[in-house]
Amino acid sequence: MAKILLEMKNITKTFPGVKALDNVNLKVEEGEIHALVGENGAGKSTLMNVLSGIYPYGSYEGDIIYDGEICKFNKIKDSEAKGIVIIHQELALVPYMTIGENMFLGNERGSKFKINWNETEELATKYLKTVGLKESQQTLIKDIGVGKQQLVEIAKALAKHAKLLILDEPTASLNEDDSKALLELLLKFKKEGMTSIIISHKLNEISYVADKITVIRDGSTIETLDKKVDDFSEARIIKGMVGRELSDRFPKRESKVGETMMEVKNWTVYHPLYSERKVVDNVNINVKKGEVLGIAGLMGAGRTELAMSLFGKSYGENISGQLFLDGEEVHLNSVQDAINHKLAYVTEDRKGNGLILSNPIRVNTTLANLGAVSNHTIIDKDKEYAVAVEYKEKLNTKCPSVEQNVGNLSGGNQQKVLLAKWMFADPNILILDEPTRGIDVGAKYEIYCIINQLVSEGKSVVMISSEMPEILGMCDRVYIMNEGRIVGELSGKEASQEIIMSHIIKSGSKGE
């Protein structure tokens, strides 16, 4: 029988107004890949924050037994000293420092007063080779893509002599190729004896890589599935997560597509820093009333750049082309212009650009339409509160109160607040950029229902998504984008993953 490396016994963690963990138990064997799954807000990240010392001993009840001894971690350095290293979903790298400098930040080689740069460079090169990253350790972080940055985080963990590696949504921002490479790396580490805990909403990846899966629901341990004896299908995992069968991942919708609401002609955008680089190249698209229009493509295809440039020229330089709304040409030179013309853009970066995390739900909900809750430039807090409560109920946002700070919500509930913010602005056209990134299947289904409701009311939705099943399951029509150009257009009925990928490959590149 394999050795139990980690046991978390009867872990209970309470925040004001909510019990995040209720008597949770977890056992992880040495040398296995153990997955933690559950809906947003189930308590997965909270449990790992307890384990890593982010929530110190004394702030929770229960015991952590690691490598045979009871541990009382008071800070993250304490858990790292034992070889427990956590990599968070939001990467903690400094863009204008080199790969090598980032790898040893807070873990410097040398004495208290002098860094040994030779040792730093030597070790950085060694660990980069281990994770299969060919970049020089002197390359700046800002000059490499997200997939490579994720490998730097893993190399950084190895430099701390990790025995137990915790990865929180490691592939959430990665394309398919980078995700596959990362999973293969975890399997390689497993062969070498490393133990990993992975949190992910991508159930196909979990089924592929994990030896065991522990399901957490509403802060409690539901079950642990073992690949050797249990059903590891996505349907079975979902049943454990949401407490019921989810027979159809995409809600049915009767399509009622009407006249053209938006038309884009010969739209070209240049990079804001590299003025010679064309990021959107002569794009022609249209969006119809009551339609969910998909824009598919690999990372770096130019989808977000297109969306943001249309939304009041909030991205890009030297923008040219024509934009028509309801048949009339418009010139949207600011975000406010776009909002005034009933166009909304729901960003893919909800934490960085979409929401003010330190402010309550009440404030965030009305941000895009303050005029509707103001009297002569003074915000009426009662109106603001009433609006926030209305959208909390409409979107089924799980929170104790609309006075709760958005930063304390789960990812799925943050996404609902972001949608509420733009729905309250009452747009005719919503551009949704990765609307379900990093959220669980239950919350995804609810957001799909919201999208269906919007188009049934005659709104138009443009959906940018890197998840191919989402594009195929939700969209009436799909544009395919690669290297800044539209390289194909398909009806929802004729679209398939194979056809979309063949359009991308035939257009001259396989992407990043």
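R477 is buried, with a relative accessible area of 11%; buried here means under 20% relative accessible area, exposed means over 50%, and partly exposed lies in between, with a 1.4 Å probe and protein chains only. The partner of R477 is E291, and the two form a salt bridge whose closest N and O atoms are 2.8 Å apart. By salt bridge I mean a side-chain nitrogen of Lys or Arg within 4 Å of a carboxyl oxygen of Asp or Glu. The pair links distant parts of the chain, 186 residues apart: E291 sits in the loop between β12 (278-288) and β13 (292-296), and R477 in strand β21 (residues 477-482). Helices (H or I, at least four residues) and strands (E, at least two) are DSSP runs, numbered from the N terminus. E291 is also buried, at 2% relative accessibility.

Before I continue, please note that this is a predicted model, in which local features need pLDDT of at least 70 and side-chain atom pairs count only at pLDDT 80 or more, while totals for chains, interfaces and linings use all residues. Residues are numbered from 1 along each chain as its sequence is written, and side-chain values use heavy atoms, with hydrogens and water left out.

How many salt bridges does a search of the whole structure find? The search returns 29. As a general point, side chains of opposite charge can pair when their charged atoms come close.

Let me turn to E30 and K3, whose side chains meet in a salt bridge at 4.0 Å, N to O. E30 is partly exposed at 41% relative accessibility, and K3 is partly exposed at 39%.

A further salt bridge joins the side chains of K188 and E192, at 3.7 Å, N to O. Here K188 is partly exposed, at 35%, whereas E192 is exposed, at 56%. There is also a network of salt bridges, which links R303, E348, E434 and R437.

Finally, the cysteines. A search of the whole structure finds zero disulfides, a disulfide being a pair of cysteine sulfur atoms within 2.5 Å. For C399, the nearest cysteine sulfur is that of C449, 19 Å away. C399 is buried, with a relative accessible area of 16%.
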